[in-house]
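Subject: Structure handover and findings

Dear colleague,

Please find below the structure for your own work. My notes on what was found in it follow directly after.

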Amino acid sequence: KAELVLFGAAYMALSKDSKFQLPADPGRSSNEVKKTKRIIFVRHGESSWNACFNRSFGPMLPVRILLALFQEFALLFSMDSVFLDSPLSQDGLSQAEELREFVN
């Protein structure tokens, strides 16, 4: 570390001097380097909350709410919840599997 500090101080003091040269960077490539990145934005798959409340407000909504309440009751003594931090529904798991195949 001391060597780096001394080199930095010498560079700052002598940087206006045209005779002062930085040492060659061993990590620098002599060829042109082109890097490409693939960025994929992903929204989560359908959760059990979405399956219950976001499908439609038709006559099946009360049935879906009752089923969700029964599932929540079954999960009462575990750390899982249908309403809080909802897990993926079966459709959501299928969507995640399709995404995995698409990305790979």
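Ser 89 is in contact (heavy atoms within 4.5 Å) with Glu 46, Ser 47, Ser 48 and Ala 51, leaving aside its neighbours within four places in sequence. Ser 89 lies in the loop between α3 and α4 (90-103). Because its relative accessibility is 11%, Ser 89 counts as buried; buried means under 20% relative accessible area, exposed over 50%, and partly exposed in between, with a 1.4 Å probe and protein chains only.

This is a predicted model, in which local features need pLDDT of at least 70, side-chain atom pairs count only at pLDDT 80 or more, and totals for chains, interfaces and linings use all residues. Residues are numbered from 1 along each chain as its sequence is written, and side-chain values use heavy atoms, with hydrogens and water left out.

The protein has four helices and zero strands, giving the pattern α-α-α-α along the sequence. Helices (H or I, at least four residues) and strands (E, at least two) are DSSP runs, numbered from the N terminus. Of the 104 residues in the protein, 14% are buried. Among contacts between residues at least 6 apart in sequence, 49% join residues at least 24 apart.

Helix α3 deserves a separate paragraph. Its 14 residues should span 20 Å at 1.5 Å a residue, and the end C-alpha atoms of α3 are 20 Å apart, which agrees; the expected span is 1.5 Å times one less than the number of residues. The buried residues of α3 are Leu 61, Arg 64 and Ala 68. Seen down the axis of α3, these buried residues fall within an arc of 60°, so they line one face of the helix; the arc is that of the directions from the helix axis to the C-beta atoms. They pack against α2 (48-53). On the face of α3 turned away from this buried side are the exposed residues Leu 67, Phe 70, Phe 73 and Ala 74.

Areas come from the Shrake-Rupley method with a 1.4 Å probe; for residues, only the protein chains shown count as cover. Met 60, Val 63, Leu 66, Leu 67, Leu 69 and Phe 70 make a nonpolar surface patch of about 600 Å². Leu 69, in helix α3 (residues 61-74), counts as partly exposed because its relative accessibility is 44%.

Yours sincerely

Methods:
Patch = residues over 30% accessible without salt bridge, like charges linked within 9 Å, V, L, I, M, F, W, Y side chains within 5 Å. Salt bridge = Lys/Arg side-chain N within 4 Å of Asp/Glu carboxyl O.
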